[in-house]
Amino acid sequence: MPTHFTRRSLIRGITAATAVATLATGLAACGGDSDAAATTSDSAGTVTVGRLSNGAAKEAPLKVAEVKSVSAELPDAIKKSGKLVIGSGTMPSGSPPLGFVGSDQKTLTGSEVDLARLVAAVLGLEPEVKRFTWENLFVGIDSGKVDVGFSNITDTEERKRKYDFASYRKDDLAFETLKSSKFVFDGDYKTLAGATVSVDAGTNQERVLLEWKKKLESEGKKLVIKYFQDSNSRYLALSSGKIDAYLGPSPNLAYHVTQTASTPNATRTAGQYSGAGESLQGLIAATTMKDSGLAKPLADAINHLIENGQYAQWLSAWNLSSDAVAKSEVNPPGLPLDNS
């Protein structure tokens, strides 16, 4: 799925292609939001990840309980409410495996929602998930209707002017190729000499690929870039050998790999690259209103999950282990202003 590189849309996370019907409520004049069905049968002290994922994840019950030293850091208003209102910018379409309507046709599932629920458990709060269009997710944060956005939001220096971040996952691009292919990308653009690669037009990954193509041409080498109007055409080209690989957002490609695993045209991830470029590791982060006092307890909750293993189990369940970070940071260096 494209990751657009205009100032607004490069950092918007990934919107994708599983159309679902939703009920527009609140913020109606701006396009609407809806309360996501989130009822689970989890017992106290357990958060089940990967539920209703329709094969996108391996369902796993994880033991997690409130950590008083972390929940004590919460702003008073959130302590009093007893809940964490989580925003997901996945209307009107979902984006497997990040956020999409589950196999029961009503419950929002996905890796982002599951991490938010784990964080809420550490904070001793009841998770309440609200779905928005991408633009209205930020309207919800600005208005106080949402406490935190967990929606594949990239940490950028531009966004820091208005929001605080607690990082939790790498923001990477990836190459997808046939499982039987010898194609490998090791981080060096010279690996691509002689290759034919597909990419979506008007995206950050296209910008990166075009830069590499220019460098290779200056060295007398060739990189062929091909474009397709839809994913079916792209993957037909991949399976027939007309292209060597496809460059796209890492989580979406990881999802597609799981979906092809038992097919004759099984694929694999053949290398990753930071969405922020060569000199900086891009990061995905929980996003809050600036100076709300929530970013630090969120980061501390994520670090508790990292230190106690639930974080790794969450990533593994969603086939995203390669996106792991060593720790959560409050407002780490983000995508520079001149690349936003």
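Mentor: Happy to! Ser-250 is buried, with a relative accessible area of 4% (buried means under 20%, exposed over 50% and partly exposed in between, with a 1.4 Å probe and protein chains only). Bear in mind that this is a predicted model, where local features need pLDDT of at least 70, side-chain atom pairs count only at pLDDT 80 or more, and totals for chains, interfaces and linings use all residues. Residues are numbered from 1 along each chain as its sequence is written, and side-chain values use heavy atoms, leaving out hydrogens and water.

Ser-250 belongs to helix α7, residues 250–260 (helices are DSSP runs of H or I with at least four residues, strands runs of E with at least two, numbered from the N terminus). Leaving aside residues up to four places away in sequence, Ser-250 touches Asp-172, Leu-173, Ala-174, Gln-272 and Asp-323 (contact means heavy atoms within 4.5 Å).

Now for the sheet. Strand β12 covers residues 172–178, and six bridges join β12 to β16 in an antiparallel run (a pair needs at least two DSSP bridges). In β16, Thr-267 stands opposite Leu-178. The open sheet has five strands in the order β14-β13-β15-β12-β16, with mixed pairing. Its edge strands, β14 (224–226) and β16 (267–274), each pair on one side only. Neighbouring strands are turned by 30 degrees against each other on average, direction ignored.

Helix α6 (residues 231–239) packs on this sheet, touching β12, β13 (196–198), β15 (245–249) and β16. The direction of α6 makes about 50 degrees with that of β12 (axes are lines fitted to C-alpha atoms, for helices over the stretch in contact, and angles run from 0 to 180 degrees between N-to-C directions).
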